Amino acid sequence: MKIGPPGDHRNREGGALIYPVYSRRSGGLSVGINLFPGRKICSFDCPYCEVFPFEENAVFDLGTMKTGLCSCLDSAVEQGLPIRDICFSGSGEPSMSPHFVEALEAARRIRDERAGQSKLVLITNGTGLLNPALFEFLKTRAERGLRIWIKLDGATESWYKIINRPDIVHGNLVSCIRDFALSGAPFTLQTMVCRVKGALPPPEEEDTWIALVTELAEMGRKGEKGGLEAVQIYGKARPAPEDPLAEAAEGAVLEKRAERLRAALKEKGLALTVEVFP
């Protein structure tokens, strides 16, 4: 597999199980794993989502995934390209796939054999935490090195319904994220900040979000283990099928939120990495 110049994620919409991309949040080459090569499957319907409608005859096959991942990693090594991470994201919410656990375990073994210096990352909207068995699985894997990036775009129910258009009750999801933080499992929180129908998140949303993130950071400290380790505030940088319903916010808007969060954390004596990706 020849890895070309920096590209986007659109190969996943062509039935690809493995798609190398250059990721701004990973800071380099990321090898994506797509558990939904036939169509998008997600518990959210975010207006900023960059996955365009598609229908393919492709189905997920673990053997094909393993072969493709080995080939991609070997090609990167042969070309002298540092692999920042192997990332589960794809065309939907990875934890909704019946193959998720076995695919994650297979990717972990292959990573250890072929690219031990790279990270194994799960990008998730957190809804899988509502399943107690999956909650415990992710907690254990996080403690063993899996990097989990959990989405929290809406701290208030009103903005959550606008920015994520979910099938999941807001309070239930936030409660599970709180439990995950309190368990001490290390994770990163990711938040999209953008305009929807021309409007930015209202002031009460930003205030509630800062209070909630600070609370999550404090919970991790009480657990005396890992807990919330970092926050990624990121903006809309790629086209989406519903454009212009969602539009990018100015970089200054993202920076302002980051500075407010850093100040709130400092006031509580909490050390947390807060990054901005416009």
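Beyond its neighbours within four places in sequence, Val-231 is in contact (heavy atoms within 4.5 Å) with Thr-188, Leu-189, Trp-209, Val-213, Leu-261, Leu-272, Thr-273, Val-274 and Glu-275. The model is predicted, with local features needing pLDDT of at least 70 and side-chain atom pairs counting only at pLDDT 80 or more, while totals for chains, interfaces and linings use all residues. Residues are numbered from 1 along each chain as its sequence is written, and side-chain values use heavy atoms, without hydrogens or water.

Val-231 and Leu-138 touch the most other members of the largest nonpolar core, which holds 81 residues. Such a core is a set of buried Ala, Val, Leu, Ile, Met, Phe, Trp, Tyr and Cys residues joined through side-chain atoms within 4.5 Å. Helix 6 (residues 203-223) supplies the largest share of this core, seven residues.

Buried means under 20% relative accessible area, exposed over 50%, and partly exposed in between (1.4 Å probe, protein chains only).

No disulfides (pairs of cysteine sulfur atoms within 2.5 Å) were found in the whole structure. The sulfur of Cys-42 lies 6.4 Å from its closest cysteine sulfur, in Cys-46, too far for a bond. Cys-42 is partly exposed at 26% relative accessibility. Cys-46 is buried at 8%.

How values were computed:
Helices (H or I, at least four residues) and strands (E, at least two) are DSSP runs, numbered from the N terminus.
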